[in-house]
Amino acid sequence: MEFSERTIKVIIDDAKCEGCTTYACVEACKTYSRGILVLKDGKPAVEGTPEELARKGTECFACEYECWFRGNSAITIEVPIEGLADYRKKHGTE
Ligand code: SF4
């Protein structure tokens with residue numbers, strides 16, 4: 001599943017959540033952000049409209065970090081940076 005905040009996209013490969021015992025992502029969201037990630041049927045989920053999620057999300061990356069260390073590395077956060085592709089091409093760092 002995936003959802004967007006104001007400038008980022010959070011992608012959760014929830015097949016990897018099978019067997020997770022910590023649900024560290026949900027705990028991290030509640031502790032460090034506004035708790036937009038909730039547990040639903042044993043997997044992380046979000047509730048609310050895309051507009052609400054964009055408004056409430058703090059783009060803190062706590063879910064991704066905690067899932068790396070205490071979960072099953074199921075979360076990827078995409079952060080588009082305008083002009084980065086051109087910059088990398090120019091400086092040969094693609
Ligand atoms: S911590 Fe990671 S593996 Fe565990 S439920 Fe959350 S996203 Fe899934």
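How many helices and how many strands does the protein chain have? In this predicted model, the protein chain has 4 helices and 5 strands. Read from the N terminus, the elements follow the order β-β-α-β-β-α-α-β-α. Along the principal axes, the C-alpha atoms of the protein chain fill a box of roughly 45 × 30 × 20 Å. The protein chain has 94 residues, of which 20% are buried. Taking contacts in the protein chain between residues at least 6 apart in sequence, 64% join residues at least 24 apart.

**Nonpolar core**

The largest nonpolar core contains 14 residues. Within this core, the residues with the most contacts are C25, C29, L37, C63, C67 and I75. Three elements, β2, α1 and α3, each supply at least two residues of this core; α1 gives the most, with 5 residues. The residue ranges of these elements are as follows.

| Element | Residues |
|---|---|
| β2 | 9-12 |
| α1 | 24-32 |
| α3 | 62-70 |

One of the core residues with the most contacts is C63. When its neighbours within four places in sequence are left aside, C63 is in contact with V10, C25, A28, C29, L37 and I75.

**Ligand surroundings**

The ligand is surrounded by 14 residues. The closest of them are C17, C20, C25, C67 and G71. By class, the shell around the ligand divides into 10 nonpolar residues, 3 polar and 1 charged. C25 and C67 are listed among the closest residues to the ligand, and C25 and C67 are also listed among the residues with the most contacts inside the largest nonpolar core.

Methods: Residues numbered from 1 in each chain as written. Predicted model: local features only at pLDDT ≥ 70, side-chain atom pairs only at ≥ 80, totals over all residues. Near = placed C-beta within 6 Å. Nonpolar A, V, L, I, M, F, W, Y, C, P; charged D, E, K, R; others polar. Buried ≥ 20, exposed ≤ 12 C-beta atoms within 10 Å, placed from the backbone. Contact = placed C-beta atoms within 7 Å. Core = buried A, V, L, I, M, F, W, Y, C linked by C-beta atoms within 7 Å.
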